Each structure stands twice: as C-alpha cells, then as structure tokens.
Amino acid sequence: MLRIERMTRDQVCKVLLVVCLVAGAIVIRYIDGNYYRTNYLTMARTMIYITLFTAWGVSVHRRVIQPQLRKYLVAISVFIVYWMFVRTVKYCIALNPLELRMLWYQYYIPMLMIPLLAVLLALSLGKTEHYRLPVGWNILFVPTAAFIVLVLTNDFHQLVFRFEEGKPMLDDYSTHEVGYLIILGWIILCAFVAIGIMIRKCHAPNPGKIRFLPLIPIVVTILYAILFYTGNHFINTYIPDVTVVYCLFFMVVFESCMMSGLIPTNSGYTTLFRASGISARITDCNYHVQYAAARTIEVEKSQMRKAKDGPVRIDSKTLLRSAPIQNGYIIWTEDVEEVEQVIEELEEAKETLAEHNYLERQNYETEKKIHQLREQNRLLSKIQIKTASQTESLYRLFEEYEKETDENKKRQILAKTAVLGAYIKRQGNLYFLSEQNPGMDSNEFYLALNETVANLELLGVEGGIFVEEGLLLDTKQVIAAYEHLERVIECLLDEIAAIYIRLKKAAEGVQLIVMIETPLQDERVKQMAHRSVYEDGQWTLVFYMDEGGAEHD
C-alpha cells in the first residue's frame, strides 16, 4: 500500500516553526495595515520572509542529492530572496519616481526566471543522480532573457507599460501594452507546463510514497489566485500580498516534491537503517546505542569495547566486529558457521589440489624436456642436412691440412675452413631464429654476411657489405639468400680478389646483389643466379626471392 513516511519529531518542529513565522508575518501585516502603518513593521515582516526563504535555500543545498535539481532549487530560492529584497527597498527606502520605477521593473527578473527554472526542474524530477538535461533545453533562456531586457528598457520604447502624459511615471499611472501581454503569456505558459509535468510524474509508480502530494499546494494556490482576482473580501483583507503567496507557493510545492520522493533527498536514513537486513547498531563514543537495525542481537558493552581491538566470538557461529565512525562506532555481528564450513572444505580441496598439481607439474616438466630435446634434434638434423656439403668440404680440408707441409698453403687451408665454419655457424643460428619468429631484422642478416666477408679477408679478399637497415625480412628469405651466397663463394673461392654484397627489399621480395672480382668465368656461376653478367673481370649476380624465401623459377 502506498503511504508517506512518518515525519520525525524534528521535521514536525520545523513545519510548525514555518507555520508560526508565516502566521506572525500575517499578523504584523494586519496590525501595520490597520493601526500603525510604519516602515519598521513592513521591514520586520519582510525580514521574516527573507530569513525563511534563505534558510530554505540553505536546507535544499544540504538535502538534495541530484546536482542538477540542487542547482535549480538553490537558484529559485535566490530569486525569491532577490524578489523580496527589491520589493522591500521599493516600499521602504526608494523615494523618487526613477528609483521606484527601476525597482518595479526588476520584479520581472524573478517573475520570469522562477517559472522557467520550475520547468527545467520539473523535467528533471524522478531522474537518477547523474541525469543531466539535454543542452537543447537551454534555448528556453533566450526568450526569457529577451523579455527581461524588454522590461528593463521600457523607458525607451514603452512596449510593456505606457504611462499617462503629465503624470509621474509610476505603476499607478500605467497601462499594459502588447509586450506585457506576451510576457504574461510566457509566465503563465511556463507555470502551467511545470505544473503539467509535475502532475504527470505524480502518477508514476513509486512504492512507499504518495507522489501526488505536490498537487495539494498547487490546487490551493490556484484557488487563492481565483479568489484574489475575483475580489474575495477575506483574501484581500488578510492575505493580499500576492508576491509572498507565490513565493511560499514555490517553496511548498518543491518541499512537497522532496517529501513525496520526486526529488531525492539526503534523509530517511534512520528508517532505512532500521529496516535493513543487517545485524548492526551505531553507538556514540561511550557505546550508548543511538541507532539499531531490527535484526540486531543484544550484546554487552564489555564485548563491544573488546571488538574495538579485533573480532570477538560471541558463540560458536557468531563474531562481533567494530569500526570507528565520526563521534562513535558501528558494531555488527557476522554468522561465520557457513564460512567456517566452507573454509574447511576449501582446505581439504587445497590439499587435494596441491598433490594433484605436484604430479601434473612433474609430468609437465618431463614432457617439456622431452619436447625440447625432440625439437633440438629436429633442428640439428635439419641443419646437418642443409650444411652436409660444407661439412664434407671441412673434413676434406682438414685432411689436406694434415698432409700439407708448406706453411703458406696451410694458412690458406685454415682460412677456407674459417669461411665454411662461419657459414655453418651462422646458418644454424638463422634456422633457430626461424623457429622462434617468422620475421627477422635486416641487421641480423648483416652480422652473418659480415662474418663471412671477414673470414674471406683471411684469404686476401677485399670485401664490402651494404644491407638496408630497418627492414623486417622473412626468415626463410634470409636463409635462401645466404645459401645462394655460399654456393657462389665456394665455387669461386680460390680465385676471388674482391667481393661486394648488397641486400635490399624490392617490390617483388628480397633482392640479393653480389659483385665478385675474379678472372674465373665458371659456367656454374650462371646457373646459380637468376641474372648474371661478367664484364672486365667482374661477376654481377642478382638473386630474387619471393615472400617466404622461395626462389624464382
């Protein structure tokens, strides 16, 4: 069943205080209007209202949760206070017609802004804390600002108020022009739009609260307006101050929105805490209970004090815990029976898993070692097959070295073995890299080429290398390029005078260019290259590799 939450004693006192202040202000107006007619009583009555509206604005800022609603409500309270202030200055301080007229014009600043802010606030009612109105709604400020400027500049055009010639330019001697009718229509339109939106949102479901509560002050204010403008004697005698009534109307309407829940407020925590499903209590610094949930269990103060230093076991399945808060403590109980049972089960599962994981880890390490050995054997077998001819050549050179007696020739043989050994080592490295990563930086290939050329220099061969930096090459292309180069070098090894190598990335793949100075025109060299030219004792050989390292046919 829908209901309004019961008002606390503090809330009842505040409502009674507001009623007393308004009643006192009405009494002061009655006395001032019928007996004394002094500015002091008028200012006292106005100060009551200004104090009331200011206090309401401060209260709104403290209670309203949603930032957008808080901003609009505080702005409305500021305009209400401004309206009352201007009205007080006009009737109690201002003397000459210009001052009176300018203060009168300023009435229309709050008269235009408050209904507009009411529309924006009504659009935001019932939304979440993080809701923000779309930027497009700010267009409503444009006509409102234009109307304010139109009123403040009325002396220049008199499109809002026209004054009788020969009489003081005051509101008593003015007539309403078309501008006034447009402004009045805009104020009425904003007011009815705001009321309509509130009425629609009051019918939205909200369990636990009556959302049509704001309609009560709206209906009362409409009834007041009808009675006032129809000349009701009681209204015109005792409550004739339309400005004050409308300001109170706005305050009461939006206060009722907060009471009904349309505007989320920072209140009702005592009821919420009592109705919560937790077993907790809030105490002061001396452990006197201030708030207690319905499900909380009774505990001794001595136990609550002990809980300050750590959990206290009340019985076999309940723990008492405590945490400091501002000016006190929050103390709660925990049912740990199921938790302890789960912990025991987890401990048993942990031991079982530990044994299982140990066996699995041992099996994994064994399988990992076997796999590594198989992989190493596979790569070694692959490298041995790819470098079989170079290995055979090494054995042959070692035999020649053993038989040779000439020291110069022995050095030549050792230099050749260095060239072959460098190729076997570097090609093996390239194969290992190809298994780890399909791509290779061109600098890695440069190291292999540089070692080969450096060993050729032991044979008196001049050499040079150029490899484009920063290229990401396919490892298979690099291996193929190195194989081509080794074939050529082995074929011309005894007759090479100089060698220059260039590796570059071409549109069709990798291009290896080898220039060798040698008197030997071996036809086998032509068969090793895709394009070959021999001129003036120099071979220029070009090898092409497709992506993936495969040779062109």
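User: How are residues numbered, and which parts of the model count?

Analyst: Residues are numbered from 1 along each chain as its sequence is written, and side-chain values use heavy atoms, with hydrogens and water left out. Because the model is predicted, local features need pLDDT of at least 70 and side-chain atom pairs count only at pLDDT 80 or more, while totals for chains, interfaces and linings use all residues.

User: What makes residues 407-436 a helix called H16, and what span does H16 have?

Analyst: Helices are DSSP runs (H or I, at least four residues), numbered from the N terminus. H16 has 30 residues and reaches 44 Å from its first C-alpha to its last. The expected span is 1.5 Å times one less than the number of residues, and the value for H16 is close to the 44 Å expected.

User: What caps the N-terminal end of H16?

Analyst: Asp406 does, with a side-chain oxygen 2.9 Å from the backbone nitrogen of Asn408.

User: Why is H15 called roughly antiparallel to H16?

Analyst: Axes are lines fitted to C-alpha atoms, for helices over the stretch in contact, and angles run from 0 to 180 degrees between N-to-C directions. H15 (residues 388-403) and H16 pack at about 160°, with axes 10 Å apart. That angle makes the pair roughly antiparallel, a term for angles over 145 degrees.

User: Which residues make the contact between H15 and H16, and of what classes are they?

Analyst: Contact means heavy atoms within 4.5 Å. Among the residues involved are Leu394, Leu397 and Phe398 of H15 and Ile413, Leu414 and Leu420 of H16. The contact has nine nonpolar, five polar and three charged residues. Ala, Val, Leu, Ile, Met, Phe, Trp, Tyr, Cys and Pro count as nonpolar, Asp, Glu, Lys and Arg as charged, and the others, Gly among them, as polar.

User: How do you know that H9 and H11 are roughly antiparallel?

Analyst: The axes of H9 (residues 215-229) and H11 (residues 242-260) come within 9 Å and cross at roughly 165°; the two helices are therefore roughly antiparallel. Tyr224 and Phe228 are among the H9 residues that meet H11, whose side includes Phe249 and Val252.

User: What is the angle between H3 and H5, and what classes of residue make their contact?

Analyst: H3 (residues 67-92) and H5 (residues 108-124) cross at roughly 160°, their axes coming within 9 Å, and are therefore roughly antiparallel. Their contact has 18 nonpolar, two polar and no charged residues.

Methods
A polar contact is a pair of N or O atoms within 3.5 Å; within protein, one must be able to donate a hydrogen and the other to accept it, and residues adjacent in sequence count only if both atoms are side-chain atoms. Angles under 35 degrees count as roughly parallel, over 145 as roughly antiparallel, 65 to 115 as roughly perpendicular and the rest as oblique.
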